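Subject: Structure handover

Hello,

Here is the structure I said I would pass on. My notes on it follow below.

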Amino acid sequence: MERLALPRSLAPFPEESLPGFLLRLAYRLERSPARIGALCGLSTMHRRLPADYLIALPPQPAKALAKAARLSSTEAQSLTLAGSGLSSMYTPLVTTRLDQGRNHAAARRRWAINLSSRFCPRCLAGDGSPVQNTFGSAWKLRWHLPVVFACSKHSMLLSSTCPQCDNLPNRPPGTERSGLLMERAAVGLHPAQCRHPVLGRNSTASETNRYCGARLDQSPGNPPTMTPEDLDRVLALQLHIDQHLFATPSQPTKKDPYFFLDLVALAHLIKFSWPLGASLVRSAHLAPLIDSHTTAITQRLNRPLGSGPGPRSSSPWPAPDNPAQCAALLAAASELLSHRDEGDAEFRDRVQPLARTAFERLPSNQSAGFRRMDFSPALARALARKINGFYHAGGHGGSKLRTPSRKCLFGIEHVPALLPTTWSDSHFAKLRERLGASTDWNTRHLRRATSLKLVEMAAGGTWSQCAETLGTPSTTAQHSLRILKQVLGTKESWAEFDRAVERIAYALDSDPNRIDYANRRRAMSLWHLSDAAWTELRDGLKNFRGGPTSPNPTAATALLWAHVTQGDYLHSPALHALRDSGRDTTPVVASVNQLLRAASRSKGEKALFVDRLEHYASRLARACDHTHGSQPVTDTLVAEQAAC
């Protein structure tokens, strides 16, 4: 249908919201906002104005609005959070949609948006110009963000309710579905008038008399009590938040991408664990404000199972409607967030008590929902639960977030599947003293578990994900962790294990010549010992073909792969190929074990052969380090390394 331009329109104010613009335009044209929405191509079924139009306008409605209201396409889009640029700066809004009830719940959990706008009465009163005196001033987009609780221009807290009926400006009564505007069919109301219907007034009353009609631009609604010192404190916080919301000439885009995500997440932790975080509140007058918001929430969360449904209550996730309560809660969260850069250990010590209490109170489905929220790697590390030396640093296996449990300079490519014996000998001496005598197999399990731990430090994830990264079968990794749990036993032994692994991680961070074991694994994935190399290795060895378990090319290939990659020969490509073809691996395993035992002796042909293998492995490792991507390792490359 051809869209006609309205006979008159208005120029949008800077940062004016779409619902505010429709209220002003409807008042000027003496029509209802619903009718103006229809004429501007914004209405859907039943002349409903979709709530998600506050975030962004689809191309077709944006084009229709621009034509009908005589706006440019940029002006039409600037009436939304996306078009104004706020959604790109306020990260909880980035993936938010409001077209379904489930999305509303997710938006409330993330503090993405308030459909009912807070407001500054002095801003709504305007600047005294004829246009603003007649048609009102702007309802600002920023007032729809839960983290905006004060007006920096007028140095006052925002209002959230009507001074006369004490209702929120855009929260529909009863079960009416939330939309862009409530009572959108009302005609004749000033943009700054309260649109809530008054109970008891019948339909014979005049159109405007059926609604509260109080002017929101003339006096604040139930102004919160706050000392001048506390007001200065929260105004400074609001200014800090505004600096993250709006680009400045000196800092146009370079902002902390996790600031709002972490601020909201920490506000949740403080709320659900309250009053445990009361020490974070610098003022004794702000703590009661948090008390008043959290009392009903904590009472409901503390109700024992089976005690009955209790009184019906709203979701515990949304930000406080009251700006003073919201300011106090965000002040506590900001105080906790200021410790994020002190170091992982210090930040974790501050966050963990709150997290434990919060997750004990929350039902399992809600605590899982919290863990799936987005936040910074630093906060994810601080929240990670730790059991038997391992962090659950990525949540469950299906989690979208795999967070390193430590800030590492080394990467997962620098971690071998089995910790080299030189590393374990250097860093596990104290742990061995604590454990006493240990078998070679226990040491092997310790080396494997340490490699898993190093991958978790560098890349995060569960132990099974770490095992997959290293090419270690999940059952093997699980067995090693089970044995390690039995061997270490006490908390003191686990603490020493943590310290030893941290020493290894520090040594890796400090090593300028870290080995890329992942590249070695790729280069060796299709490699096998050639006939020429095998002949060279056994040259001059007479008594070398005694039986089925005597050294053979397959055993040598598996052992060389283990030397070069610092992996487990049982998981070498050579043995995998035998298993895949259905052949018995027992003779090869027995042959490798004989060579490993011979390595501890200084005499005999097998000891000499092992010495040759080690020298050949050194040349082979250097050849791997000079390859890139999927480049194969050849005898020529090995020979070149021997000549160097």
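Leaving aside its neighbours within four places in sequence, which residues is Leu-537 in contact with? They are Leu-529, Phe-609, Arg-612, Leu-613 and Tyr-616, where contact means heavy atoms within 4.5 Å.

Before the rest, a note on the source. This is a predicted model, in which local features need pLDDT of at least 70 and side-chain atom pairs count only at pLDDT 80 or more, while totals for chains, interfaces and linings use all residues. Residues are numbered from 1 along each chain as its sequence is written, and side-chain values use heavy atoms, with hydrogens and water left out.

Back to Leu-537. This residue is found in helix H24, residues 531-537; helices (H or I, at least four residues) and strands (E, at least two) are DSSP runs, numbered from the N terminus. Leu-537 is buried, at a relative accessible area of 4%. Buried means under 20% relative accessible area, exposed over 50%, and partly exposed in between, with a 1.4 Å probe and protein chains only. Between Leu-537 and Val-610 there are 9.3 Å in space, C-alpha to C-alpha, and the two are 73 residues apart in sequence.

The chain as a whole

The protein chain has 29 helices and four strands. Of its 644 residues, 51% are buried. Among contacts with a separation of 6 or more, 69% are between residues 24 or more positions apart.

H12 covers residues 287-301, which is 15 residues. The expected span of a helix is 1.5 Å times one less than its number of residues, so H12 should span 21 Å, and the 20 Å between its end C-alpha atoms agrees with that. H12 also bends by about 45° at Thr-294, the bend being the angle between axes fitted to the seven residues ending there and the seven starting there. Thr-294 is one of the buried residues of H12, which also include Leu-289, Ile-290, His-293 and Ile-297. The buried residues of H12 pack against helices H11 (259-273), H13 (323-337) and H14 (344-361).

H11 and H13 also pack with each other, at an angle of about 115° and with their axes 8 Å apart. Axes here are lines fitted to C-alpha atoms, for helices over the stretch in contact, and angles run from 0 to 180 degrees between N-to-C directions. H11 and H13 are therefore roughly perpendicular, a label for angles of 65 to 115 degrees. On the H11 side the contact includes Phe-259, Leu-263 and Ile-270, and on the H13 side it includes Leu-329, Ala-333 and Leu-337.

Backbone points in the loops

Pro-275 lies in the loop between H11 and H12. A cis peptide bond joins this proline to Trp-274, with omega about 15°.

Trp-111 has a phi of about 55° and sits in the loop between helix H7 (101-109) and helix H8 (121-125). Ser-155 has a phi of about 50° and lies between strand S1 (150-151) and strand S2 (156-157). Trp-111 is buried, at 1% relative accessibility, whereas Ser-155 is partly exposed, at 43%.

One more loop residue is Thr-80, between helix H4 (73-77) and helix H5 (81-84). Thr-80 is buried, with a relative accessible area of 0%. Leaving aside its neighbours within four places in sequence, Thr-80 is in contact with residues including Tyr-53, Ile-55, Leu-57 and Leu-141.

Regards

How values were computed: Angles under 35 degrees count as roughly parallel, over 145 as roughly antiparallel, 65 to 115 as roughly perpendicular and the rest as oblique.
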